[in-house]
Amino acid sequence: MSVASQDLFELASRGPGGAQAIWRIRCAKCAATVEVVNGARGLLPPDMLVKKFAGAGFKVSRRNPSHHLCAACQARPPRLRLVASSAEAARPEPVNPEAAAVEDPMPQTADAPRQPTREERQTIHAAIDKHWSVSGGGYAGNLTDAKLAATLDVPRAWVAEVRDLFFGPDTNEAREAGLAALDAFEARAAEIEGRAMQLAADAETLKADIAAFRKAARS
């Protein structure tokens with residue numbers, strides 16, 4: 001039996017007049033929540049919501065919302081450690097003076113980029129939400145991922161990840177207004193071009209009529 005998005009997550013609204021639909025997941029242990037903007041093309045399917053919430057660190061249950069767990073509440077299995085016997089622990093290992101003076105010849109691999117903590121993700125989410133235009137479908141004004149990352153002093157990739165998961169594309173009102181103006185100019189240019197082509201056709205017709213009149217007058 002298929003499960004609807006409403007069976008797993010909370011559907012709410014925000015913005016003026018509740019114009020923006022959002023999905024909310026709630027941790028079953030600490031009640032922490034994360035929200036995802038739904039968008040304007042119908043309700044998001046369960047698989048897409050599961051992917052987005054999992055990307056935010058949640059352990060998502062596909063059957064029961066009372067089993068959702070945030071990153072902080074997820075149980076971590078204890079690490080097993082081998083303990084040497086007392087006799088082996090007391091036995092000193094032989095030391096090679098020459099080997100001790102030689103540096104480790106194994107190549108050092110670069111550390112993987114650090115991932116944001118749960119608190120850092122929440123800070124980024126709150127900052128984007130504060131500057132997000134529900135009606136414009138992007139940042140308010142001319143804000144971008146790069147500018148917000150510089151303000152928060154975090155990597156741009158962190159901001160882009162949270163914005164892509166929970167809000168929408170990296171655009172803003174200024175960019176969309178500029179694109180709309182370009183579309184208007186393009187439409188105006190096409191209109192003028194059409195009129196020019198029509199005038200050229202009318203001129204050719206007029207020239208043909210004049211030639212016909214001249215021929216008739218001389219005959």
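In which strand is Ile 22 found? Ile 22 belongs to strand S2, which covers residues 20-26, where strands (E, at least two residues) and helices (H or I, at least four) are DSSP runs numbered from the N terminus. This is a predicted model, in which local features need pLDDT of at least 70 and side-chain atom pairs count only at pLDDT 80 or more, while totals for chains, interfaces and linings use all residues. Residues are numbered from 1 along each chain as its sequence is written, and side-chain values use heavy atoms, with hydrogens and water left out.

**Confidence**
- The average pLDDT (the predictor's confidence in each residue, from 0 to 100) is 81 for the protein, and 82% of the residues score at least 70.
- Where pLDDT is low, predicted coordinates should not be read in detail.

**Surroundings of Ile 22**
- Ile 22 has a relative accessible area of 2% and is therefore buried (under 20%, with exposed meaning over 50% and partly exposed in between, for a 1.4 Å probe and protein chains only).
- Leaving aside residues up to four places away in sequence, Ile 22 touches Glu 10, Leu 11, Ala 12, Ser 13, Arg 14, Glu 35, Val 36, Val 37 and Asn 38.
- The C-alpha atom of Asn 38, which is 16 residues from Ile 22 along the chain, is separated from that of Ile 22 by 5.1 Å.

**Cysteines**
- The structure holds 0 disulfides, a disulfide being a pair of cysteine sulfur atoms within 2.5 Å.
- For Cys 27, the closest cysteine sulfur is that of Cys 70 at 3.6 Å, which is too far for a bond.
- Cys 70 is likewise in no disulfide, and the nearest cysteine sulfur to it, in Cys 30, is 3.6 Å away.
- Cys 27 is buried at 4% relative accessibility, and Cys 70 is buried at 1%.

**Second largest pocket**
- The lining of the second largest pocket consists of 15 residues, and Thr 33, Val 34, Arg 118, Arg 121 and Gln 122 lie nearest its centre.
- Two or more lining residues come from each of strand S3 (33-37), helix H5 (118-131) and helix H7 (156-166), with H5 giving the largest share, 4 residues.

Methods
On a 1 Å grid over the protein atoms alone, a cavity is a set of points where a 1.4 Å probe fits but cannot get out, and a pocket is an open set with protein on both sides within 12 Å along at least five of seven lines; lining residues have an atom within 4 Å of a point. Contact means heavy atoms within 4.5 Å.
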